[in-house]
Amino acid sequence: MRRLRNRLAGALLSVLALTLTATGCGGSSEAAPGGASRAAPAGQSVADRVEPLAKSPEPRLPVTVRSADGERVTVKEAKRIVPLSGSLSEIVFTLGLGDRVVARDVTATFEQAAKLPVVTRGHDVSAESVLALRPDLVIAETTTGPAEAVGQIRAAGVPVLFVEAAKGLDDVGPRIGAVADALGVPAAGKKLTRRSEQRIEAVRRDVPHGEEPRVAFLYLRGSASVYLIGGADSGAGSLIEAAGAVDAGAASGLDKDFTAITSEALVKAAPDAILVMSKGLESVGGVDGLVKIPGVAQTPAGMDRRIVSVEDGVLLNYGPRTDQVLKSVVAQLYGEDGDQ
């Protein structure tokens, strides 16, 4: 039940864990760049680095904050931090405190974090690996597990702060604020929130107006024969709508997180474009392999080979790089000239 419950972007891995368990499917979803997209214009991939604030803040500790699991957590030191998702790692590094991070989750793939030791197995936390690094603060998603491992870390006396898992664009600011408050840098949190929200809004202002394309979010792991279409709770709806499009899965009546792909479901969704993670696209053999999945070739997206691909490690993070993600989606969806 806990497998894959760390990332993406926090929201996607949370819902996929439940879906893959329910369908009995497995396979790794470790984030990695790759894949290809017909529509992707040059220079629109998401940067592999985060952009820290110009001036690194100095934490003012101790502080006591409310964790998302209801506990009150007192943070006395923040010199050895372990963020347990890629999104949370991005926030800590972008706040300017990356030099205090001593480990990473498998989904933290950006350049500044790449050489840190990994403390997850698959997508489950290894309490032993975390404790061996003597952290003074662990920051986790509400979907982080297994619960026994997190409990073991807390029982050892290490403060563990839970942050609500991301579900959409509206979560960017609150998540930054929660992390910044716990690190004793609330002013930096407000500054980063303003910067992030302003950049997202700037991208949204440039979204072409007119007929809204229907976009289906597909989760693909060809090596494990996992082919899913996102519904209302996939976590992608907010991003798709911000790009001026319609979530085809949700609009077709798929009210769950993910549903196994069928020809009937795809025909009903009738997407004009398909959104995928780059590693997922690579796992099915690129665009050529994608259109061979039953039903895909019969959709407008399949016939036009209109595919939007974004790196696994950032697609649904809803963190400080969300503006770059949205910009990449818009550029691929409409093309550099803004035409569909």
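Q: Are Glu-141 and Arg-175 buried or exposed?
A: Glu-141 and Arg-175 are each buried, meaning under 20% relative accessible area with a 1.4 Å probe and protein chains only, while exposed is over 50% and partly exposed is in between. This is a predicted model, where local features need pLDDT of at least 70, side-chain atom pairs count only at pLDDT 80 or more, and totals for chains, interfaces and linings use all residues. Residues are numbered from 1 along each chain as its sequence is written, and side-chain values use heavy atoms, with hydrogens and water left out.

Q: What do the side chains of Glu-141 and Arg-175 meet in?
A: A salt bridge, at 2.9 Å from N to O. The term requires a side-chain nitrogen of Lys or Arg within 4 Å of a carboxyl oxygen of Asp or Glu.

Q: Where do Glu-141 and Arg-175 lie?
A: Glu-141 is in strand β6 (residues 137–141) and Arg-175 is in helix α5 (residues 172–182), so the pair ties together parts 34 residues apart in sequence. Helices (H or I, at least four residues) and strands (E, at least two) are DSSP runs, numbered from the N terminus.

Q: How many salt bridges does the structure hold?
A: It holds 10. One of them joins Arg-49 to Glu-111, at 2.8 Å from N to O. That pair links distant parts of the chain, 62 residues apart: Arg-49 is in the loop between α1 (11–23) and β1 (63–66), and Glu-111 is in the loop between α2 (86–97) and β4 (120–121).

Q: Why do Arg-49 and Glu-111 count as partly exposed?
A: Because Arg-49 has 41% relative accessibility, and Glu-111 has a relative accessible area of 43%.

Q: Which residue forms a salt bridge with Lys-79?
A: Glu-77 does, with the closest N and O atoms 3.9 Å apart. Glu-77 is partly exposed at 40%, whereas Lys-79 is exposed at 56%.

Q: Which residues are linked in a network?
A: Glu-51, Arg-195 and Arg-199 are linked by salt bridges in a network.

Q: Switching to helices. How do the axes of α6 and α13 cross?
A: The axes of α6 (residues 186–205) and α13 (residues 322–334) come within 8 Å and cross at roughly 15°. Axes are lines fitted to C-alpha atoms, for helices over the stretch in contact, and angles run from 0 to 180 degrees between N-to-C directions. That angle makes α6 roughly parallel to α13, since angles under 35 degrees count as roughly parallel, over 145 as roughly antiparallel, 65 to 115 as roughly perpendicular and the rest as oblique.

Q: Which residues make that contact?
A: Arg-199, Ile-200, Val-203 and Arg-204 of α6, with Thr-322, Asp-323, Leu-326, Lys-327 and Val-330 of α13. Contact means heavy atoms within 4.5 Å.

Q: And what about α2 and α5, how do their axes cross?
A: They come within 10 Å and cross at roughly 65°. The contact is made by Ser-87, Leu-88, Ile-91, Val-92 and Leu-95 of α2 and by Arg-175, Ile-176, Val-179 and Ala-180 of α5.

Q: How many residues of α2 are buried?
A: 12 of the 12, so α2 is largely enclosed by the rest of the structure.

Q: What do the buried residues of α2 pack against?
A: They pack against β3 (81–83), β6, β7 (160–163), α5 and α6.
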